[in-house]
Number of protein chains: 2
Amino acid sequence: MTDTFFKVEAKCPTTRARTGEMQLSHGVVKTPVFMPVGTFGTVRHVSHDDMEALGTPIILANTYHLYLRPGPKLLKQLGGFHKLTDWKKPILTDSGGFQIFSLPEQREIFKTGVRFKSYIDNSYQTLTPESVVSFQHTIGSDIMMVLDVCVPSTCSHDEAAWAMKRTHEWAERCQQAHGHRPQQKLFAICQGAVFEDLRRESAAWLCERNFDGYAIGGLAVGESKEERVHFTEFVAALLPQEKPRYLMGVGTPHDLVRSVKAGVDMFDCIIPTNHGKQGVAYTWKGKVKLRRSAHASEQIPLEEGCECPVCRRYSRAYLYQLLKSGEPTAWRLVSLHNLHFYDSLMKKIREHIEQGSFGSFAEDFLNNVPES
Amino acid sequence: MTDTFFKVEAKCPTTRARTGEMQLSHGVVKTPVFMPVGTFGTVRHVSHDDMEALGTPIILANTYHLYLRPGPKLLKQLGGFHKLTDWKKPILTDSGGFQIFSLPEQREIFKTGVRFKSYIDNSYQTLTPESVVSFQHTIGSDIMMVLDVCVPSTCSHDEAAWAMKRTHEWAERCQQAHGHRPQQKLFAICQGAVFEDLRRESAAWLCERNFDGYAIGGLAVGESKEERVHFTEFVAALLPQEKPRYLMGVGTPHDLVRSVKAGVDMFDCIIPTNHGKQGVAYTWKGKVKLRRSAHASEQIPLEEGCECPVCRRYSRAYLYQLLKSGEPTAWRLVSLHNLHFYDSLMKKIREHIEQGSFGSFAEDFLNNVPES
């Protein structure tokens with residue numbers, strides 16, 4: 001039995017897009033929402049003060065990384081994530097499934113859980129559905145993810161079916177270990193790679209168990225763009241209307257617009273800060289690749305009219321100078337602009353859904369903003 | 001003929017320390033002052049907004065680095081340093097002499113100037129006294145330095161004498177090239193390594209030429225701590241009372257206190273931001289080496305009662321977590337604390353000089369704050 005922490009508010013008349021609101025322990029989050037990735041507790045290159053100034057309502061942290069450092073014992077002693085980091089708003093923590101998936105040579109999956117080698121001290125560590133839930137209790141996550149088995153999109157039907165079944169068993173064990181803690185929401189993860197029968201089976205199996213929300217896992221792991229778009233739409237349509245839908249690890253502004261059309265409510269991705277380090281800035285006219293020498297003399301902001309703290313003050317010429325000089329301040333400033341861009345995009349998406357104009361907004365965006 | 005842009009305000013009754021004020025084109029700077037190093041136009045790890053919030057009155061930029069990028073032509077087109085970077089307060093630019101000195105394999109010194117290999121594109125570049133002055137005009141520096149020949153403190157008397165003479169010739173050529181531009185001050189650099197006769201000769205020669213200010217160069221380049229302390233005192237005493245005295249590239253908080261005692265008014269050093277990256281924080285109880293595991297669980301600020309934006313919010317445990325995770329935000333936060341510490345130290349020094357209590361403050365600081 002779940003409480004109604006999530007409420008759908010407006011629905012787009014021409015697409016599956018909707019707005020909603022999540023009432024979480026550390027605050028209210030309006031959806032569709034983009035969650036910047038704060039792997040170790042802080043979004044890369046920027047500070048909590050920066051995120052607060054931008055108005056970011058929720059960040060994602062990595063269970064896997066926090067498990068290795070500071071680790072369960074010390075984090076418990078320190079009073080959990082919010083106490084340690086002084087981040088005051090909601091957090092979602094992934095389960096570690098994806099990180100462990102990305103270490104194929106250094107992990108073994110058992111029925112009980114997964115064993116892997118720590119990149120910090122090469123020690124062997126084990127995560128089980130129960131320990132992942134217990135650690136997310138210690139973290140104090142507003143939204144916890146179940147431990148899942150993620151496989152490449154290129155795997156066989158047999159392998160995908162095996163990973164899906166184990167994901168289901170583990171999801172059930174996570175749910176049991178979680179018990180009744182309404183202050184922390186537990187989301188299940190739909191797997192099944194790029195096989196419609198498996199995705200259908202996975203969605204049905206998990207939806208019966210009445211989780212607080214549902215994630216679409218196993219995308220952006222090797223499939224084609226067409227497959228990703230298709231399976232996002234396909235799986236989103238299988239998930240319950242009244243629960244939040246979270247597309248894990250995706251993506252570009254275009255991915256976000258396309259996936260909101262398909263009915264997705266939540267996103268996370270490292271792109272805004274990763275591109276920040278590379279000097280790639282998003283604008284409403286496409287990407288600006290700041291390392292190109294053409295920008296060395298441009299005394300205009302990244303985007304004319306942008307209200308972010310970077311565009312209000314600094315020129316492309318200055319950012320070029322900082323980037324080419326290897327100054328970490330460049331990474332922070334471009335990240336701030338990108339995070340502001342993502343935030344503005346989600347705000348605009350929510351406004352258009354509320355006003356009934358999202359369909360034409362999305363069409364316009366996807367047709368007219370250059371994707372690469 | 002120079003105007004009186006510098007005014008000595010208070011003198012310590014028991015040491016050579018004094019307070020003063022410099023009226024510069026981009027603002028007023030109270031001395032003794034510490035100038036954070038903004039090599040390429042921005043202090044490493046932090047932003048101009050950060051520096052403004054700290055109240056930093058002046059930063060140092062590197063002529064050598066700015067000469068290589070953006071270079072004279074582009075910087076002129078961009079309207080100079082302040083226009084390019086949007087830093088609104090004064091800057092001092094060194095001449096490049098020190099940077100070229102630190103590339104012994106890749107430079108040749110001629111009578112006319114110095115030829116060196118660019119680290120950016122391996123092209124050969126030449127700096128002359130005239131081109132260095134002209135470029136500092138383009139930069140728009142509030143305080144410009146002459147091109148000097150810096151030698152290691154371990155060099156012979158002959159070599160030191162040769163370098164000093166060339167420094168003098170070049171200083172004169174810089175002065176001629178500078179002409180009458182009261183909005184930009186030109187400082188000479190006293191050389192002579194660790195030879196009292198040469199230092200005396202250099203100070204006398206330069207002081208006759210009536211520069212706007214005088215720097216002590218050629219220290220912190222291989223001499224012992226005792227030699228550095230001795231020659232700082234020795235040279236400072238040879239420089240005119242009514243002109244600002246600048247000790248280049250020095251130093252630790254203890255160096256600053258000792259040198260203010262000797263009558264030095266201005267300092268620059270990369271320590272606060274370099275230590276920021278290493279996770280070493282200055283406090284009134286000595287250094288805190290944040291990478292030590294003892295700090296992993298310390299839920300106290302870097303320094304109790306510190307008013308910096310880092311200590312007001314974050315714990316050592318959090319900074320430890322960020323540092324160990326390689327987050328650039330850690331470098332920024334520790335740098336901010338260190339810059340605040342340096343700034344507070346200089347403020348305290350000025351207050352004690354004004355109140356006549358600097359002698360006992362310095363004794364107390366040097367005896368009771370651990371140096372390493």
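Biologist: At what angle do the axes of helix H10 and helix H14 of chain A cross?

Modeller: The axes of H10 (residues 253-261) and H14 (residues 358-368), both of chain A, cross at roughly 150° and come within 10 Å. This is a predicted model, in which local features need pLDDT of at least 70 and side-chain atom pairs count only at pLDDT 80 or more, while totals for chains, interfaces and linings use all residues. Residues are numbered from 1 along each chain as its sequence is written, and chains are lettered from A and ligands numbered from 1 in the order in which they are written.

Biologist: Why are H10(A) and H14(A) called roughly antiparallel?

Modeller: Angles run from 0 to 180 degrees between N-to-C directions, and those over 145 count as roughly antiparallel, those under 35 as roughly parallel, 65 to 115 as roughly perpendicular and the rest as oblique; the crossing is at roughly 150°, and H10(A) and H14(A) are therefore roughly antiparallel.

Biologist: Which residues make that contact?

Modeller: With contact meaning C-beta atoms, placed from the backbone, within 7 Å, His254(A), Val257(A), Arg258(A) and Lys261(A) of H10(A) meet Ala362(A), Phe365(A) and Leu366(A) of H14(A).

Biologist: What makes H13(A) roughly perpendicular to H13(B)?

Modeller: The axes of these two helices, residues 328-355 in chain A and in chain B, cross at roughly 110°, and that makes H13(A) roughly perpendicular to H13(B). Pro328(A), Trp331(A) and Arg332(A) make the contact with Pro328(B), Trp331(B) and Arg332(B).

How values were computed. Helix = DSSP H or I, 4+ residues; strand = E, 2+ residues; numbered from the N terminus. Contact = placed C-beta atoms within 7 Å.
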